[in-house]
Amino acid sequence: MARMKFLCDSDRCIDCNACVTACKNEHEVPWGINRRRVVTINDGMPGERSISMACMHCTDAPCAAVCPVDCFYTTADAVVLHSKDLCIGCGYCFYACPFGAPQYPRVGNFGSRGKMDKCTYCAGGPEADLSEAEYVKYGANRLAEGKLPLCAEMCSTKALLAGDSDMIAQIYKERVIKRGYGSGAWGWRTAYRETVAI
Amino acid sequence: MKTGLTLRAFVLVAAMSLAPLSAPVFAQGTPSGKNPTADSVNEQALFKQNSKITGRISIPDGKAATLEQPQGREWRGFHEGWMPWIGAIAILGMVILLAAFYFTKGRIMLEHNEHSGRKILRFNSFERFTHWMTATCFIILALTGLNYIFGKRLLMPLIGPDAFSTISQWSKYAHNFLAWPFIIGLCFMMAVWMADNIPNRIDWEWMRAGGGFFDGKHPHAGRFNAGQKLVFWIVTLGGLLMSISGIMLLFPFAALDINGMQIFQGIHAVIGVLFIAAMLAHIYIGSLGMEGAYDAMGSGEVDLAWARAHHDLWVEEQQAKTASGPQVPRRPVPAE
């Protein structure tokens, strides 16, 4: 099976936020929940770069390790998913996640969190593939339809790449060699303890 | 032909006028040109400057501006690596200590001369209400808190993930809601008992006499002896630390950033297990460990002779206050 990853080529990202909008629309993500976001570093200064960030589907994912109810699991494609039936909304995964991926609807008292929501790599959840229950809880399951995550698929500059680790690393490598520069595979070192060697 | 030339000239002029603008990007190597990536940010360089990477975000969620915080992995290392051990050693260590004490020294029994049949009020109903409200909250907070660390390791294998998740969900609600009566109880306890718990010279003497644990003689003590004062201050300081860190966790990111949240969660967890260990000792000595100790917080009344033996200075004080209050003769009085 493939080892699915995201790679954001920040030398191509134009901060258009279409990935964010596509994600929200594809999965009917409620207001206040952002499975994907674009962060601009050194905004307005020379060398400014924007990076589209969501769950990186880490190797040995910290969220899964700290979960007090063990609601996370990793699919055969190395996508990190979780069960909203088991999640209690404690918020630990947000503390552990290096990328700020877990999101919580604010429900009830104080700052109380509802069940966690995060990027599913468009791969749904533990329910039967493409079922109504799966869509309601986790959104579309494009992977089950043989498609890649929508954010990357519709990226107008093809800055955001999704797919098998080796394939997207190869695409990125070729780009960097051809154009002569690249600011690296953001987050890879933290998420996978490795980076794209050029 | 003419139009063609004009157009060509126009394109040329336009290209020339644009050239200075586009030079930094396309004309590498020209003296005025600039390497487009020379100042571009890159991850490794940013991590050298800062422990996390933060930028600008166009959504209202401020914490989303943190692009990467590898400290999450450290927090994970603490929470999954250290915390179960800290908790297990603190709590099991205390249980073993108390068991060893119980099986070697046994219960501390009432002495026969500590029974006069007359009672003195040690804790009034408000004090008892405050104690038990706080204590009940504490026990539930402790169990639901320990569930966050040990639940998946001990309970989940026994009852399965679904039942465990349901229990944990209710545990979370209990933990969040009972925090408030606990905090209120803590404030009440400080209000009613702090004055009697200020350490003084008598406590020093009491400590030097080992509280009478070893020679069986009762050193002088006021309303609270040094050991009880220690419990009071553990509860007060531990409770305040738990309340402050707990409120920070109840209102996530209201006052702290991600690293602040991680640190406060760590403080809450470590102080929590130490607090639980200390309270196990308090529960032991107040129930199983010492005969008659429970009555003070149970009915609120203790035997006057017991009070005179254990809290002689307090009894004198009470008797001086109320001449009509319960008096115990210093030596047996013949019935008239």
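Among contacts in chain A that link residues at least 6 apart in sequence, 55% bring together residues at least 24 apart. That figure, like the others here, comes from a predicted model. In chain B, residues 24 or more positions apart account for 66% of the contacts with a separation of 6 or more.

As for the make-up of the two chains, chain A carries seven helices and six strands, and these run along the sequence as β-α-β-β-α-β-β-α-α-α-β-α-α. Chain B has 11 helices and four strands. Burial comes out at 52% of the 198 residues of chain A, and at 25% of the 336 residues in chain B. On overall dimensions, the C-alpha atoms of chain A fill a box of roughly 50 × 40 × 30 Å along the principal axes. A compact globule of 198 residues would have a radius of gyration near 16 Å, so the 17 Å of chain A agrees with that expectation.

Turning to the contact between the chains, 47 residues come from chain B and 39 residues from chain A. On the chain B side, the elements that put in two or more residues are β2 (66-68), α3 (71-105), α4 (125-159), α5 (161-193) and α8 (258-286). The largest share of that side belongs to α5(B), with seven residues. Sorted by class, the side of chain B that touches chain A holds 20 nonpolar, 16 polar and 11 charged residues.

Next, the packing inside. The largest nonpolar core has 91 residues, and A:Phe6, A:Ile51, A:Cys93 and A:Leu160 have the most contacts inside it. The largest share of this core, eight residues, is supplied by α8(B). Leaving aside residues up to four places away in sequence, A:Phe6 touches A:Ala54, A:Met56, A:Ala152, A:Leu160, A:Leu161 and A:Ala162. One of these partners, A:Leu160, is itself among the core residues with the most contacts. There is also a second, separate core of 10 residues, including B:Ala296, B:Trp306, B:Trp314 and B:Val315.

With 35 residues, α3(B) reaches 48 Å from its first C-alpha to its last, close to the 51 Å expected at 1.5 Å a residue. A kink of about 40° lies at B:Trp82, shortly before the proline B:Pro84. Buried positions in α3(B) are B:Gly72, B:Trp75, B:Arg76, B:His79, B:Met83 and B:Gly87, a list that takes in the charged residue B:Arg76. What do they pack against? The buried residues of α3(B) pack against elements of both chains: α2 (62-66) and α3 of chain A, together with α4 and α8 of chain B.

At A:Asn17, phi is near 65°. This residue sits in the loop between β1 (4-8) and α1 (18-27) of chain A. A:Asn17 counts as partly exposed because 16 other C-beta atoms lie within 10 Å. A:Arg193, not a glycine either, has a positive phi of about 60°, and is found in the segment after α7 (188-192) of chain A. A:Arg193 has 10 C-beta neighbours inside 10 Å, and therefore counts as exposed.

Finally, there is A:Val107, placed in the loop between α3 (92-96) and α4 (132-138) of chain A. A:Val107 is a nonpolar residue, yet it counts as exposed, because it has 10 C-beta neighbours inside 10 Å; the cut-off for exposed is 12 or fewer. Setting aside residues up to four places away in sequence, A:Val107 touches A:Ser112 and A:Gly114. The C-alpha atom of A:Val107 is separated by 9.9 Å from that of A:Gly89, a residue 18 positions away along the chain.

Methods: Residues are numbered from 1 along each chain as its sequence is written. Chains are lettered from A and ligands numbered from 1 in the order in which they are written. This is a predicted model: local features need pLDDT of at least 70, side-chain atom pairs count only at pLDDT 80 or more; totals for chains, interfaces and linings use all residues. Two residues are in contact if their C-beta atoms, placed from the backbone, lie within 7 Å. The radius of gyration is taken over C-alpha atoms; the globule rule is 2.2 Å times the number of residues to the power 0.38. A residue is buried if 20 or more other C-beta atoms lie within 10 Å of its own, exposed if 12 or fewer, and partly exposed in between; C-beta atoms are placed from the backbone. A nonpolar core is a set of buried Ala, Val, Leu, Ile, Met, Phe, Trp, Tyr and Cys residues joined through C-beta atoms within 7 Å. The expected span of a helix is 1.5 Å times one less than its number of residues. The bend at a residue is the angle between axes fitted to the seven residues ending there and the seven starting there.
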